[in-house]
Amino acid sequence: MRYPDGDAIAGFAPLASAIAGCAVTVQLGAQSFTDGRSITVATTRDGPIWLDICAQAAMIGAGSLDGALLRHLVGRPKTARRYLYLEVNRASHVLRDRLPLGFSRQPVFEAAQPLTESAAVSLALAAGKRALPEPPPFFGSIRPLFALRHKAADAGDTAGARSDGRENSAGHGVKLHAEDVATESSLLLRLLENPFSKGGWLSDMLNDLLGAGVSKGERDSNAAPAAGEIPVGRVERGLRRGVAALLGTLNIPLPALEDFTGGGQHVYPEWDMAKSRYRKNWVFVQEAEPWLGEDKRDFADFMAPPSVALRRQMADLGLGHEMRRRQSDGTELDTGAMIDYAIAVQSGHVPSRLEVYRASRRTRRDLGVVILLDISGSTASQDHEGQAVFKRQLQLAYQLGRTVDRLGDVSAIIGFHGWGRKQMRAVRIKGHHEAWSRAIDARFALLEPVGYTRTGAAIRHGAALLGNIIRQPNKLLLIITDGIPYDEDYELRYAEQDTRKALREARAAGTACLCISVGAETETGKLAEIFGAGNILAVDEPEEARLHIRQLCRRALAAVSKRRYAGRAMAG
Amino acid sequence: MDTNYIASGQEEEVFRAAWQNRLPLLLKGPTGCGKTKFVQSMARLLGRELITVACHEDLTAGDLIGRFLLDGVKTIWQDGPLTKAVREGAICYLDEIVEARADTTVVIHPLADHRRELNIERLGEMIAAPPEFMLVMSYNPGYQSVLKDLKPSTRQRMVALELTYPDAPVEERILMQEASAPPELASRLVRLGRAIRALPQDGLSDGASTRSLISAARLMAAGLASELAVKSAIIAPLSDDPVTSRNLGEMAKIYLA
């Protein structure tokens, strides 16, 4: 069984993931080994390659790639091979209930009990002198450094995938294959250093962004790692500032005020964390029409119409029960209908249908939805697959917007971005009174990711629209954003606190708020801190949103309706 | 199917003790792990009639308790399943209780605590439940949102029993008993089922249930090729995505080979 092409090999991912118990990808390479996240299978192997995949995945599933143990294997290929033999054996016992029978029946696993009962014991035995058989070819090999690199990346950042590409492109992967012990060790030393120091992915990225770093060529030729160029504590802040500053200023001329062609201006307060009070009349939000840029985006190619599955998910949100009269079955008799019926029977008629009941039916659709779409400059950034976050956000907003519109909800879609507190723009993509039309499609095509994110004001604007103008009993505010709020005088704790405050105000007024981040590499921990862990949906692709959106929306709506009820009870 | 339920833990003891002490029981567990089968088996063991109600969002209190129907120009009262169970001292099984609305589930409150009585407002009648009567409810904690929907006041009246998919040896025995699967096939199917359950859940609606493994074995016993049987009974119900289905199919081939 040979798989020369990469697509077919990728199809083994479910097998690997099921055995490993976590998401694992599979690809072809020079040797069979795993780094804990992906399994590489040797192209040169004779015999069924699924055996290799099972062996490697079983090691992941059985915890053989523990960082503390692997460290002892770096630069000790012989011990590593003995460890491999013991650990695949142990893993085949630990996971025997979910490994294929064909794997468990390999002659090498004949023993009723494994030689070792834990990875630590395996390591001790591997380091000892006791004679052990040579592992069969399908065990592949163990490459401690690859696994360690991922562990370190997992611990230090959420953008591990980024660091992969970088190191491979720098040719480190090739060096590793040469089994050059010295190189492995020095690489390991660098790896265990501070990720912000010179050579770390974060400082690389920052340098790339700000154009301040030495060139990659220079750096790679410089074997000895130097001390960090950027003080660690300030890096995160600096990075955020840098990114936002660049993206916010690069591709846009600041709009002149007369460019605004939209409706009215709104003024909202903002929460001043330091003084624990509101700054009254602080943020000016201007309603605006989408930007009429020069190059209109070709829209058709990426705006897929919403799927039936999504519509099904959203269909019963905000449905209310209402008592219907004159039903053919129901809980209670409908007295009026009963009297009519009795009169008809007494006077000699037999009505053809016996509709004399009252029943509670879920028919009323009483949901108002506002979709807030973050169109600030930061969304133009590309994710690890080179796709702009902005594009995915647009796709999702489009699909959600069309879905709720088709379901008959009162809905509005607003894009938001701004340049400081006096120039927040709320771009009307779909007004709440508008029916869906080509004009709305066209407005999507006109959007441009520029400016900054003043999330608190956007939420206040959306909530005000829902509460004062749309005025439906159930209010749902969906915020599609790449995450961190940032604007002039609006960052870090201040921005977070204000956003949180705005959410609290909205919820107190009975608006369910949900944050959706699509394809963005923001730490979900941060988003969870601001929005509450139960109110964020972080997905890689717009299509994935449909899997969870119903649950989250229902929960958010239920939470505010309880609050509303509690509030009323207290008032009464 | 009149086969016996194969216990994977001490669930039978808990059930029996709850019944003897007139305590209502809440069964928690993923779909297809054998909750309904367990209740059926226990009702038979205890010699009680089993009245099952599949709960849904439109289920009203009237659907459970009863209602007036029209008969000519008169009305007649028709007992609902819950009233019937109370009158007859049966075991009333409310399947997927969280699907019912909260205002419906409150009617079981006086039945589920020390009072053990059912109040039929429309008749102005109060029925005391006989000692043999038992209330059993089930819900699937996998659907997280509904977990929150079950009111704490309802939950706290219950003795809860957690069922999971059985251990591999037990599940193999179940396949052998329910679908007359040969031991080797049972082992292969159970390994496949457990592997699918271990998959990260993205894209799959749920894990492969014991029920779906039984279905696959039955289809094979009926003469279907093993790959087709697994595809029809296990994979197709789990995923609508063609790529996921194809990959799972490839994975199944390895487990069945």
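Predicted model: local features only at pLDDT ≥ 70, side-chain atom pairs only at ≥ 80, totals over all residues.
Buried, in what follows, means under 20% relative accessible area, and partly exposed means between that and 50%. With that cut-off, B:Cys55 at 9% relative accessibility counts as buried.

Let me start with how the two chains meet. On the chain B side, 36 residues take part in the contact, and on the chain A side, 39 residues do. Between them the two chains bury about 3,200 Å², with 57% of that area on carbon and sulfur atoms. Three residues of chain B stand out here: B:Leu70, B:Arg191 and B:Ile254 supply 21% of what chain B buries against chain A, more than any other three residues.

What holds charge against charge across this interface? The search finds 2 salt bridges between chain B and chain A. One of them pairs A:Arg105 with B:Glu184, and their closest N and O atoms are 3.1 Å apart.

Which of the elements gives the most? That is α10(B), with 8 residues. Sorted by class, the side of chain B that touches chain A has 15 nonpolar, 9 polar and 12 charged residues.

Now the cysteines. Over all chains the structure holds 0 disulfides. For B:Cys55, the nearest cysteine sulfur belongs to B:Cys92 and is 8.5 Å away. A disulfide needs the two sulfur atoms within 2.5 Å, so B:Cys55 is in none. On the other chain, A:Cys553 is buried as well, with a relative accessible area of 0%.

The last topic is salt bridges in general. A search of the whole structure finds 30 of them over all chains. I will show a few from chain A.

A:Glu289 has a relative accessible area of 23%, so A:Glu289 counts as partly exposed. A:Arg428 is partly exposed too, at 27%.

A:Arg428 has another partner, because its side chain also meets that of A:Glu434 in a salt bridge, at 3.0 Å from N to O. A:Glu434 is buried, at 16% relative accessibility. Put together, A:Glu289, A:Arg428, A:Glu434 and A:Arg443 are linked in a network of salt bridges.

My other example is A:Arg326 with A:Asp340, a salt bridge of 3.0 Å from N to O. A:Arg326 lies in strand β6 (residues 319–327) and A:Asp340 in helix α16 (residues 335–346), so this bridge ties together parts of chain A that are 14 residues apart in sequence. Buried or exposed, or in between? A:Arg326 is partly exposed, with a relative accessible area of 44%. A:Asp340, at 41%, counts as partly exposed.

That is the end of my part.

Note on methods:
Residues numbered from 1 in each chain as written. Chains lettered and ligands numbered in written order. Heavy atoms only, no water. Contact = heavy atoms within 4.5 Å. Buried area = accessible area lost by both parts, 1.4 Å probe. Salt bridge = Lys/Arg side-chain N within 4 Å of Asp/Glu carboxyl O. Helix = DSSP H or I, 4+ residues; strand = E, 2+ residues; numbered from the N terminus. Nonpolar A, V, L, I, M, F, W, Y, C, P; charged D, E, K, R; others polar. Buried < 20%, exposed > 50% of the residue type's maximum accessible area, 1.4 Å probe, protein only.
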